[in-house]
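Here are my notes for a colleague who is meeting this structure for the first time. Please read them with the sequence and the model side by side.

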Amino acid sequence: PVGMTCNGTSYDTGSMACVRCLPTQYVLAPNDINTCKECPVGMTCNGWLAVEKTQHSIWQENARVMRVKQCPAGYILVRAEEQPLTDDCVRCPPGKIQYSASVYDPTNAVSIWTTS
């Protein structure tokens with residue numbers, strides 16, 4: 001509502017008050033209504049922030065949730081459009097390697113493996 005500031009919390013329309021998100025959630029946009037979002041597998045959340053678990057991975061806001069966009073070399077990008085909570089960067093299994101960064105491309109959502 002006008003004049004209301006909910007720093008680090010979400011605004012609940014039912015109680016008309018700022019409420020703290022659960023430790024398994026994050027806030028995408030403070031002062032938005034009902035902004036507590038569930039934490040995707042590839043991120044660590046604390047009720048306010050969402051931080052990537054895989055160093056050098058790139059995440060971005062997409063349709064009001066955080067989505068993985070790129071994973072560094074040595075990782076595969078896991079992303080299903082209808083399941084944003086499963087987004088993750090997964091280390092390549094033994095005997096397989098990804099030499100370059102894995103970049104999300106909705107027209108080609110298949111990982112290419114190179115045997116080491």
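1. The largest nonpolar core has 12 residues in all, namely Tyr26, Leu28, Cys39, Met43, Cys45, Trp59, Met66, Val68, Cys71, Tyr75, Leu77 and Cys89. A nonpolar core here is a set of buried Ala, Val, Leu, Ile, Met, Phe, Trp, Tyr and Cys residues joined through side-chain atoms within 4.5 Å, where buried means under 20% relative accessible area, exposed over 50%, and partly exposed in between (1.4 Å probe, protein chains only). At least two residues of this core come from each of β5 (43-45), β8 (65-71) and β9 (75-80), and β8 gives the most, with 3 residues. Strands, like helices, are DSSP runs numbered from the N terminus (strands are E, at least two residues; helices are H or I, at least four). In soluble globular proteins, nonpolar side chains tend to be buried together.

2. A word on the basis of these notes: this is a predicted model, in which local features need pLDDT of at least 70 and side-chain atom pairs count only at pLDDT 80 or more, while totals for chains, interfaces and linings use all residues. Residues are numbered from 1 along each chain as its sequence is written, and side-chain values use heavy atoms, with hydrogens and water left out.

3. Which residues does Trp59 contact, leaving aside its neighbours within four places in sequence? Trp59, itself one of the core residues, is in contact with Pro40, Gly42, Met43, Glu52, Met66, Arg67, Val68, Lys69, Asp87 and Asp88, contact being heavy atoms within 4.5 Å. Val68 in β8 is also the bridge partner of Trp59.

4. The strands β7, β8 and β12 form an open sheet in the order β7-β8-β12, with antiparallel pairing; two strands pair if DSSP finds at least two bridges between them. β7 (58-62) and β12 (102-103) stand at the edges with a single partner strand each, so one side of each is left without a neighbour in the sheet. The pairing of β7 with β8 runs over 5 bridges, and that of β8 with β12 over 2 bridges, with Gln70 opposite Val103 in β12. Strands of a sheet pair through backbone hydrogen bonds, either parallel or antiparallel.

5. Most residues other than glycine have a negative phi. Ala63, however, has a positive phi of about 55° although it is not a glycine, and Arg64, in the loop between β7 and β8, has a positive phi near 70°. Ala63 counts as exposed at 70% relative accessibility, whereas Arg64 is partly exposed, with a relative accessible area of 39%.

6. The structure holds 3 disulfides, a disulfide being a pair of cysteine sulfur atoms within 2.5 Å. One of them joins Cys21 to Cys36, with S to S 1.9 Å, and links distant parts of the chain, 15 residues apart: Cys21 is in the loop between β2 (17-19) and β3 (25-27), and Cys36 is in strand β4 (residues 36-38). The torsion about this S-S bond is about -85°, so the disulfide is left-handed. Cys21 is buried, with a relative accessible area of 7%, while Cys36 is partly exposed at 24%.

7. Another disulfide joins Cys39 to Cys45, with S to S 2.1 Å; the torsion about its S-S bond is about 80°, so this disulfide is right-handed. Cys45 counts as buried at 13% relative accessibility.

8. Cys71 and Cys89 are joined with S to S 2.0 Å, and their link is left-handed, with -85° about the S-S bond. Cys71 lies in strand β8 and Cys89 in strand β10 (residues 83-91), so the pair ties together parts that are 18 residues apart in sequence. Both Cys71 and Cys89 are buried. Cys92, by contrast, is in no disulfide, and the nearest cysteine sulfur, that of Cys71, is 9.7 Å away; Cys92 counts as buried at 12% relative accessibility.

9. Finally, the charged end of Arg79 sits over the ring of Tyr104, 3.8 Å from its centre, by the criterion that NZ of Lys or CZ of Arg is within 6 Å of the ring centre and within 35 degrees of the ring normal.
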